Amino acid sequence: MPSDHRQSLNWLLQQFQPLPGKPDILYGLRTLLVVSGPIAVGFITGHPAASTIAVMGAMFVGMVDTGGAYRQKATVMLAATIGVTVALLIANLVSSNLWLAIPTTFLVMFIAGLAGLFGTIAGTVSLVTSTMFIVSLAKFASFPDLSTVFLQCALCLAGGVWAMVLSLGLWVLRPYTPAIEAASSCYATLSKFLQMASEIPLTLEERQKWAEQFLQGQDSVIQDLTSARSVWGAVWTGRETADLRGNQLLVLIEDVNQITNSVVALVELLAIASSRPLFHQQLHREIQQVLEASATGLQILSDALAKGKNVVRLGDIDRAIEALEYQWQVIHSQVLNQASLAHADDYADLVSIGKIVASLKALAEQIHTDAEIATDLQRGERRSIAQLNIYPPIEPQRSSIIDTLRNNLTFNSVIFRHALRLALIVTTAQLVALLLQVPTGYWVTLTAVVALKPNFGGTSQTTVQRVIGTTLGGIFGICLVILIHNPVAILVCLLILLVTAMSVRSLSYGIFITLLTPAVILLLNMTSQGGWEIGVLRIVDSLIGGILALLGSYLLFPSWERSQLPAQLATTIRSNLAYFQQVAASYINPEQKCSTETIRNLRHQAALENANAAAAAQRLFSEPRHVRGEVEPIAMLILYIRAFFSSVTTLAEHQQKFSGEYQFADFQRFTDAIVQILENLANALEQGNPPLALPRLDIYIEAIHNDIEQLHITRISELATNPGSVTSTRQAVREQTPVSTQLDRIAHEMKCLHCAIDRLQASLHERVQPVSSSSKR
């Protein structure tokens, strides 16, 4: 298969690649109850057709239940209940007049598009509200009399309340459940992250692909950690202090952050040591076993939290640590007795591997501590560890609704352009469907509503997933209609498809649509609204809606990621710079140790910006080739920004055991040069100029190398005369060897970042130059 075709196939398969995690079967079953309740009431009362509106209201309100604290879910679901009811009412009021329905559609879609200004949750509520409006305008709105309208609104409201009852019914009995589940999810994701760390390849060729998966795993941990902090804050909102259980949960959540940092630093050390014979030949197996046992221990801890177990057994970690310590002592004794220790490089390798062993032991101790806290949490017992270093999550400052709207009612706003684009495309589709009296024309409109995103990359991805998923699901649904005629069998298939679709909704939109489409076709056939032809109409309508979405995103006020990405990259670089400056300051002035909370917040912000930059780059890669331009410098830039973050995290972890008694003479000048470089690179991205020439980092690195080599030589001499001696040189070697290694890596990362930005700016200049020349002609 040609490489272009292979890349296209891989890209297509990626659209249906599920996210890490397990299907949410409980959510699928709850959705089944949400739908079944109104249907059952309709059949019992003899009005099955009227129950359709209640089913729609219940299902749409249930779709905004994306987790979180009960208070958060109650607020969102109440807003959705009111929203879909009002949408139904408006659709009824304007449906009888075409020239009133069309401008109302434009206004509703425009407001729905602007909702994205207030976050993902507001965007989700606006999506179901606008969807209810479109469906109501086509299927339910007839406005025969006010009593019928009010009855429909009452049914819709009842459906929404029914969905809320099913989702929030356990609020009073189990108020802490969402926070415990969020913590459990964090540890499950962390377990997978640590498992990836245990699989680090030993060769550079294999490590690049592995590094991409490792970084994705790190992003998943950060996302779950951010969500867990939000849930914890919502559960204890309005309370002056958290109770015992709240403090224990907060410690568990924040320890996820600490373990993540330890793993990032550990992988840095492993990547450096992996090329050394001492590591490869004698310790690799034991280190891998400790990492695998730790990953398993974290999963056991996650399961214990989720299932309420009050005993967490981690014996495998202890046995793996014992085997590692034994092997390390053997190697340590052998190396110290060999003549090869006369070389400083050999001693440096020994120190680096000793640091890895110490880090693994600290990681095992941390997991044991968290297991004890989890046990106390389930038993309701108190332990002193639960009162240490508790930093409640900081709530971000938000602008008022009026200020946010005022600042974005301009064509410079991406969301404003998206809202206008959405309103124009949907209104056009709705007008065509109404004028031509297309039976299922609202499917065209719904596809456009769902597929249109603020950027072309997001639109193209959603469109591909929806159109291909609808096509595959439509074909499957047609086959079911043709082959199955027994009503009971059809009902069973419908229920299985619905539960499975809703269970995987959070993992893969493409798979969700593929399973939901045949369920919709079967449901419509059960209500005598067509045969297998309904599946063909569904496929055709989705294709037309997808084409409209793509054309609108490409032609109407496009927001190309290429123009947005430099600002995001500059923000990312500055976030990592702030993190580096704080960590460097803790080395330069160790007597004035920086606040742990300050470093934690800066690290978390840098990690979020790194994930945002990676997501923006992925959106860029989905844009047309003639728009996105050269992507290799951007991929290189993202890679080395994240490598720099890992190096700084390693320094931050090492600093916790840094006494400050010995300092590299050129450390201050080196850090000043790094700050200068990163500021210059961020400015170059913002201003569109080539970066300034790099300062001579090699001068500082060479001086630091000389210092560390002299320390190693001195220590080797001490070992030759007194092998068991504990001196200040020994302490300096243990402290400064890891620092020297990371400064080497940071210097290399600066050169790669500079090269990537220089190439990026050059490619942008080349793209602008032909346009300028042609305009002059």
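# Reading contacts and patches in a predicted model

Tutor: Helices α18 (456-483) and α21 (533-555) each supply at least two residues of the nonpolar patch. Keep in mind that this is a predicted model.

Student: Which residues form that nonpolar patch on the surface?

Tutor: The patch consists of I482, L483, W532, V536, V540 and I544, which together have about 550 Å² of accessible area. Helix α21 gives the most, with 3 residues. From helix α18 comes I482, which counts as partly exposed at 46% relative accessibility.

Student: Now the aromatic rings. How many aromatic pairs are there?

Tutor: A pair needs ring centres within 6.5 Å, and planes over 60 degrees apart count as edge-to-face. By that rule the count comes to 12 aromatic pairs. Take F110 and F416: their ring centres are 5.8 Å apart and their planes stand at 90°, so this pair is edge-to-face. The pair links distant parts of the chain, with F110 in helix α5 (residues 98-114) and F416 in helix α16 (residues 414-436), 306 residues apart.

Student: Are F110 and F416 buried or exposed?

Tutor: F110 is buried, and F416 is too. For a contrasting geometry, look at Y587 and F667: the ring centres are 5.8 Å apart but the planes are at 40°, so the pair is tilted. Y587 belongs to helix α22 (residues 561-588) and F667 to helix α26 (residues 667-687), so the pair ties together parts that are 80 residues apart in sequence. Y587 and F667 are both buried.

Student: Which residues do ring pairs link into a cluster?

Tutor: F106, F110 and F416 are linked that way. A ring can also have a charge over its face: R538 lies over W443, at 4.8 Å from the ring centre.

Student: Let's turn to charge pairs. How many salt bridges does the structure hold?

Tutor: The rule asks for a side-chain nitrogen of Lys or Arg within 4 Å of a carboxyl oxygen of Asp or Glu. The structure holds 13 salt bridges. In one of them R30 pairs with D65, and the closest N and O atoms are 2.8 Å apart. R30 sits in helix α2 (residues 25-45) and D65 in the loop between α3 (51-63) and α4 (70-94), so the pair ties together parts that are 35 residues apart in sequence. R30 is partly exposed at 24% relative accessibility, whereas D65 is buried at 7%.

Student: Which residues are linked with R30 in a network of salt bridges?

Tutor: D65 and K73 join R30 in that network. Another salt bridge to inspect is K361 with E325, whose closest N and O atoms are 2.8 Å apart. Here K361 is in helix α14 (residues 344-379) and E325 in helix α13 (residues 315-336), 36 residues apart. K361 is partly exposed at 31% relative accessibility, and E325 is partly exposed at 29%.

Student: How many disulfides does a search of the whole structure find?

Tutor: The search finds 0 disulfides. To count, two cysteine sulfur atoms must lie within 2.5 Å. For C755, the closest cysteine sulfur is that of C752, 7.1 Å away, which is too far for a bond. C755 is partly exposed at 34% relative accessibility, while C186 is buried at 1%.

Student: How far apart are V438 and A138 in sequence and in space?

Tutor: They are 300 residues apart in sequence and 9.8 Å apart in space, C-alpha to C-alpha. V438 lies in the loop between α16 and α17 (441-451), and V438 counts as partly exposed at 36% relative accessibility.

Key:
Residues are numbered from 1 along each chain as its sequence is written. This is a predicted model: local features need pLDDT of at least 70, side-chain atom pairs count only at pLDDT 80 or more; totals for chains, interfaces and linings use all residues. Side-chain values use heavy atoms; hydrogens and water are left out. Rings of Phe, Tyr and Trp (its six-membered ring) pair if their centres lie within 6.5 Å; planes under 30 degrees apart count as stacked, over 60 as edge-to-face and the rest as tilted. Helices (H or I, at least four residues) and strands (E, at least two) are DSSP runs, numbered from the N terminus. Buried means under 20% relative accessible area, exposed over 50%, partly exposed in between (1.4 Å probe, protein chains only). A charge sits over a ring if NZ of Lys or CZ of Arg is within 6 Å of the ring centre and within 35 degrees of the ring normal. Patches are made of residues with over 30% relative accessible area and no salt bridge: like charges are joined within 9 Å, nonpolar side chains (Val, Leu, Ile, Met, Phe, Trp, Tyr) within 5 Å. Accessible areas come from the Shrake-Rupley method with a 1.4 Å probe; for residues, only the protein chains shown count as cover.
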